[in-house]
Amino acid sequence: MRSPTAGRAADLLGPTGPLAQRLEGYEQRAGQLSMADAVERALADDQILLCEAGTGTGKTLAYLVPALLSGRRVVVSTASKALQEQIAYKDLPLIEEHLGLEVGAVLLKGLSNYLCLRRFGELRDGFVDTKMGGTRSRVTEALPLVEAWAERTTTGDRAELAELEESHPIWALVTSSSETRIGPRCEHYDVCHVTRVKRAAESAKLLIVNHHLLFADLAIKGEHPGGVLPNYDVLILDEAHRVEDVATGFFGATVSSGGLERVFADVERSLRASFLHHEKEPPGYVLAARQRSVELFAALNASVTSAAEDAREPLPELDAHGALRERYFALDEALSVLGQVLGGHGPIHDALAQLAGRVTRLREDLTAILYPGRTRVGWLERRGTGVSIAASPIDVGPLLRERLFSRGLGVVLTSATLTSQGSFAYIRERLGLAAALDAPVEELVVEEALDFANAALLYTPEDLPEVTEPAFANEAAKRITALVLATPGGAFVLCTSVRSMRAFATELASALPERRRLVQGDAPKRTLLEQFRATGDAILVATMSFWEGVDVPGAALRLVVIDRLPFDVPSDPLVAARCLAIRERGASAFAEYSVPRAAIALKQGFGRLLRTRTDRGVVAVLDRRLTTRGYGKKLLESLPGAQRTKEFSDVERFWASRKL
Ligand code: SF4
């Protein structure tokens, strides 16, 4: 049934609406109006809408206005903090001021963003052993800063304390998490920052969250009642191309050597804070569990074959690996003892009872990972000196259908990159939307709002070596240098591996010593982007984390170079398991999975270039497979309609013909 409000969003956003009348230079956008209309229908009829809308559409207003008009409780979820903040601090105030709509929104971050008064008190009162990971002096140094902030903050949101970087070790000791939060029995419950923001969320009409929080909530609600978010009627997923990856993390299980160490440290601090343990050394049952954990992870570490950090590899089969199995059983036994001791202190020691539950879940996760069954794939990964092991669902589609799409909610999934060659088939298949559901699934591709044909040039040279040839790196570095010199502004060099990133960064430093060069990892992402925007003609060399969610309008970014086509590593256990599952049903994994996935990633990288209607620029893809292989045509057909050339001279002509 169509809602009586249908079409009202388009009236508010259209040429005779209040925005057009009040905002100088407001441009009416046909794509925005058609999207607003489709969102309005989906919400009124509890449909599912897949909507691809590129940069410049004004898509946040196209879903926020119908969402607010619907009068229902809405959750908007984004992949990036930047978009969450844009919605909360820019779009919603604009709607409130100019459209007169009552907003009533709450921005809800993950629990680890909020100060936990109990954990902070334990650190301040000296119950925490801060020597973990050699961080003692940094934690001691930062404590007065956190103490002063804890006194004055009314939100407990750690973003207020910008002097301390996000990765500072003190945050892990004083912030909340679903694992450490006690809830109503905590002595600080009524004045707790998490309680306050959750109460505000319960009465809010519109909640702004991120995908991590949303899927953590769906994963918890799938197992038992409760969860992090209150009930809602409508869900809008922006940056929805990230849904499969985030859902994979939350519907799976992960255990790391560092994570286990954090549990043992929390046990120690809680025993001391409860005055149940006074000795300098931890109790024997903690030492035993810690020792068994060290032994299991040492054996897992020894089984890693890849030298590359962050490379996932298959988990050894436990039954074929006697020593590993023995160590797993020994750890499980020690954790069982630990859980019993913690649980045996009775309900007056809430923190210990809560830790006992955490130890039980750890044992369940370890079993799920080491015996993953047929629907999950187990893998391990080395990070720094630690090792992580995990089991990920091969197909999140059935879980999403069960926990999200079959609940009768209106769900909007939108992003600048949902289609491959103009089709939603890939995303529907991956998210469990290919087979029929009770609710209809609508599709909409909003026409491009930016004039790519005039504003952008896609340069695809064919005279460079193949990316697999040893000569490629050197020749590619020379071509990047030439492109940077030909460009009046800044450049992104987006790489598919850390190794290429480092190699190009070194080459560019010696070829262009006068240009400011920024490299991913040298400073936090936010700082690098601030420096890049402020410099105006800097070169930023980065890997996949800069391919999306990064917004640099204007001359500071005039050139985007992509070194290789962003195909997944085929030996990655999760990728291999997904490809095998597709082959087992008689389809081509390359055509159905690898190519569409690469197309969406490439379109994201390309999308960094033009952010406003006045932007101009060149995207250079140095991997000649884009024009010489059959699948390259499919990737090209998925990209925006920029001019194309294989000749470097056209790049120079492109800039010469443009007044900037
Ligand atoms: S209720 Fe949870 S988050 Fe709040 S202070 Fe207590 S333990 Fe920390």
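**Reading strands, sheets and a helix pair**

Student: How many bridges join strand 6 to strand 9, and in which sense do the two run, parallel or antiparallel?

Tutor: Strands of a sheet pair through backbone hydrogen bonds, either parallel or antiparallel. Here strand 6 (residues 253–256) and strand 9 (residues 386–393) run antiparallel and are joined by 4 bridges, with Val255 having Ile389 of strand 9 as its bridge partner. Two strands count as paired if DSSP finds at least two bridges between them, and the elements themselves are DSSP runs numbered from the N terminus, helices being H or I of at least four residues and strands E of at least two. This is a predicted model, in which local features need pLDDT of at least 70, side-chain atom pairs count only at pLDDT 80 or more, and totals for chains, interfaces and linings use all residues. Residues are numbered from 1 along each chain as its sequence is written.

Student: Which face of strand 6 is covered, and which is uncovered?

Tutor: In a regular strand the side chains alternate between the two faces of the sheet. In strand 6, Ala253 and Val255 form the covered face, whereas Thr254 and Ser256 form the uncovered one. Strand 5 (residues 234–237) is covered on both faces, with Val234 and Ile236 on one side and Leu235 and Leu237 on the other all buried, that is, with 20 or more other C-beta atoms, placed from the backbone, within 10 Å of their own.

Student: Which strands are joined to strand 5?

Tutor: Strand 2 (residues 74–78) runs parallel to strand 5 and is joined to it by 4 bridges, with Leu237 as the partner of Ser77. Strand 10 (residues 410–415) is likewise parallel to strand 5, again through 4 bridges, and there Leu235 stands opposite Val411.

Student: In what order do the strands of the 7-stranded sheet follow one another?

Tutor: This open sheet has the order 14-15-13-16-17-12-18, with parallel pairing. Its edges are strand 14 (517–519) and strand 18 (643–645), each of which pairs on one side only. From one strand to the next the twist averages 15 degrees, angles being taken between N-to-C directions on a scale from 0 to 180 degrees, with axes fitted to C-alpha atoms, for helices over the stretch in contact.

Student: How is a helix pair described, as for helix 22 and helix 23?

Tutor: Two packed helices are described by the angle between their axes and the distance between the axes. The axes of helix 22 (residues 573–584) and helix 23 (residues 589–606) come within 9 Å and cross at roughly 145 degrees. Their contact (C-beta atoms, placed from the backbone, within 7 Å) is made by Arg578, Cys579, Ile582 and Arg583 of helix 22 and by Ala589, Glu592 and Tyr593 of helix 23.

How values were computed: Buried ≥ 20, exposed ≤ 12 C-beta atoms within 10 Å, placed from the backbone. Contact = placed C-beta atoms within 7 Å.
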